[in-house]
Amino acid sequence: MTTLALDDAKTAPVATARRRLSPWQAWGLILIAPYVLIFLAFVVYPVGYGLWLARSPQSYVDLVDDPIFARAVVNTLIFLIVGINVKMMLALVLSGFFVQQRLWIRWLSVLFILPWAVPSIPTILSIRFMLNPEWGMINQIIFRLTGEDGPNWLNNPSLALMFAILVHIWKSLPFWTLILVAARLSISADLYEAASVDGATGWQKFRHITWPSLQTVYLTSTILSMIWTLGDFNSVYLLTGGGPADLTHVLATLGIRYLRLDRVDLAMASIVFALPLVLPLVFFMMKRLSR
Amino acid sequence: MTRLSLRGVTTEAKLLLIGVPVFLWTLLPIYHLFLFAISPKESAFSGEIWPEHPTLRNFAIVFGQKHYFLSHFWLQLWNSVFVAVTSGAITLLVATASAFAISRLKVRGGRTVMNLALFTYFIPAAFLAVPMYKTMGLYGLLNRQWALIWAMVAIASPYAIWVLKQASDKLPYELDEAAIMDGASPMQLFRLVYLPLILPSLVAIGTYALLLAWNEYLYAFLLLSRDTDITLPVALGNFLAADDSPWELLMTTGLIYALPPAAIYYAFRRYMVAGLTAGAVKS
């Protein structure tokens with residue numbers, strides 16, 4: 001914070017000097033214009049047009065009357081609450097594992113990033129085929145071990161949603177683990193040594209050294225993860241397609257369903273519906289980043 | 001002494017108890033993908049851990065476009081390359097210019113633009129997809145690759161501008177002042193002072209935008225539909241539409257599609273990890 005203020009004070013005279021020199025301002029406007037135009041054409045106009053399409057109150061009545069919408073809201077909440085908490089807690093535990101000084105753990109951490117580094121489509125389709133009731137790997141193994149046919153995993157809405165959450169966790173766990181590893185590595189080793197000398201247990205070290213240093217990062221990560229998870233279209237759409245019987249939709253896939261049904265107003269209304277949840281998270285993140 | 005080594009053994013055992021499941025969990029779907037790609041059609045579904053007769057036949061079929069699902073494989077691969085490279089290049093141009101204007105020229109309204117861009121960055125992209133689709137229809141861009149390119153630029157630019165602005169703010173202003181003293185024009189300042197200094201960040205941001213466009217599925221599948229226009233991920237998604245999909249070919253194509261971004265990611269890992277960590281979550 002202090003360095004920032006210092007920088008501002010130093011550069012202020014230059015900035016005011018430039019403001020008088022109009023070529024500098026002119027060039028500034030020219031250089032910033034392309035982004036402003038893109039922003040107007042491909043963000044502001046679509047959003048405005050979308051809101052205008054959903055202007056009729058009847059759209060919202062129809063939306064609330066649609067049982068698929070209610071189901072999608074519940075699914076989204078389950079996805080967020082279960083998915084993010086499980087993911088972040090796993091990331092917290094695994095970050096403690098990956099900071100251990102072992103050669104094999106260093107190698108494992110390189111492999112561990114793969115789900116994040118490869119595009120989601122091939123791997124999600126791979127998981128989808130593993131779960132195929134007849135030829136999928138999982139049911140093949142079940143058949144070999146027990147001689148019985150395994151369940152039709154993705155035909156059960158609860159199981160299908162659970163697998164979509166697992167796919168989401170599989171894909172994004174490496175990223176958040178990495179963030180928490182970086183946060184753990186920035187904690188001074190002296191603190192742990194001092195605690196060991198005083199005879200602190202592993203849990204006490206976590207409770208009094210690790211967690212206090214991690215909690216801000218953990219909270220910010222959770223919020224950011226909520227925003228990104230709300231927009232996770234692929235995990236649900238490519239695994240279940242919203243099925244069976246449209247029972248595993250989340251808000252991110254629901255809009256596409258309404259688009260297919262040629263009800264763009266409902267698609268927009270469902271997004272407007274989500275705004276009270278999204279906007280506070282967005283403003284929280286903006287405050288964090290524009291400090 | 002014995003107690004100590006016993007404790008050492010238990011620690012190692014505990015670490016392995018975490019490490020082995022993490023290893024399996026991470027690699028299983030990717031190994032499954034790979035297994036299908038090297039298995040002959042008949043044995044792909046037999047549930048073996050390693051095929052009896054591993055083969056590259058699937059790759060030959062994909063590269064030879066010898067299946068009706070794959071009749072445009074090379075064109076679709078080219079489409080993916082074209083969209084990713086073009087989106088990456090435009091994002092880089094637009095974002096560098098904006099970051100320079102905001103950070104170094106202190107253009108009026110720059111802060112507002114920065115905040116609006118950040119706001120866009122945090123709105124989930126899936127929420128913007130439906131209105132974007134309708135708008136592209138109005139612009140007459142639907143079913144054209146430029147629709148996808150502009151959508152990708154609009155989505156990638158905010159984060160790019162933010163990262164580049166942060167990096168620009170860290171450059172010493174004395175350099176600018178010295179250049180101005182010597183009579184440099186704004187564009188000379190941009191070319192001779194700013195660009196060389198910001199180059200490392202440009203590599204990271206270019207990679208980010210490129211991978212974002214290469215990996216994109218939702219917008220690509222909404223905005224493009226002709227078999228000759230679509231990018232590879234859309235073609236992969238189209239496999240799902242048929243019941244008799246040749247899985248082993250789908251997996252092979254998927255593997256080919258997944259390799260370039262993985263390679264790029266590992267090549268630029270140092271930049272990516274540092275950039276993302278600093279960018280996404282500052283404590």
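**Salt bridges and the interface**

Modeller: A salt bridge joins the side chains of A:Asp246 and A:Arg257, with 3.0 Å from N to O; the term requires a side-chain nitrogen of Lys or Arg within 4 Å of a carboxyl oxygen of Asp or Glu. The pair links distant parts of the chain, eleven residues apart: A:Asp246 lies in the loop between α12 (234–237) and α13 (251–260) of chain A, and A:Arg257 in helix α13 of chain A. Helices (H or I, at least four residues) and strands (E, at least two) are DSSP runs numbered from the N terminus.

This is a predicted model, in which local features need pLDDT of at least 70 and side-chain atom pairs count only at pLDDT 80 or more, while totals for chains, interfaces and linings use all residues. Residues are numbered from 1 along each chain as its sequence is written, chains are lettered from A and ligands numbered from 1 in the order in which they are written, and side-chain values use heavy atoms, with hydrogens and water left out.

Over all chains, the search finds eight salt bridges. Between chain A and chain B the count is one, and there the side chains of B:Glu12 and A:Arg102 meet at 2.6 Å, N to O. Side chains of opposite charge can pair when their charged atoms come close.

Polar contacts also cross the interface of chain A and chain B: nine residue pairs, both at pLDDT 80 or more. Such a contact is a pair of N or O atoms within 3.5 Å; within protein, one must be able to donate a hydrogen and the other to accept it, and residues adjacent in sequence count only if both atoms are side-chain atoms. Helix α2 (residues 22–53) of chain A supplies the largest share of the side of chain A that touches chain B, 22 residues. That side of chain A divides into 78 nonpolar, 15 polar and nine charged residues; Ala, Val, Leu, Ile, Met, Phe, Trp, Tyr, Cys and Pro count as nonpolar, Asp, Glu, Lys and Arg as charged, and the others, Gly among them, as polar.

The contact (heavy atoms within 4.5 Å) takes 102 residues from chain A and 102 residues from chain B. Together the chains bury about 9,300 Å², 79% of it on carbon and sulfur atoms; buried area is the accessible area (1.4 Å probe) that two parts lose on being put together, summed over both. In chain A, the residues losing the most area to chain B are A:Trp24, A:Tyr35 and A:Phe42, together 9% of what that side buries.
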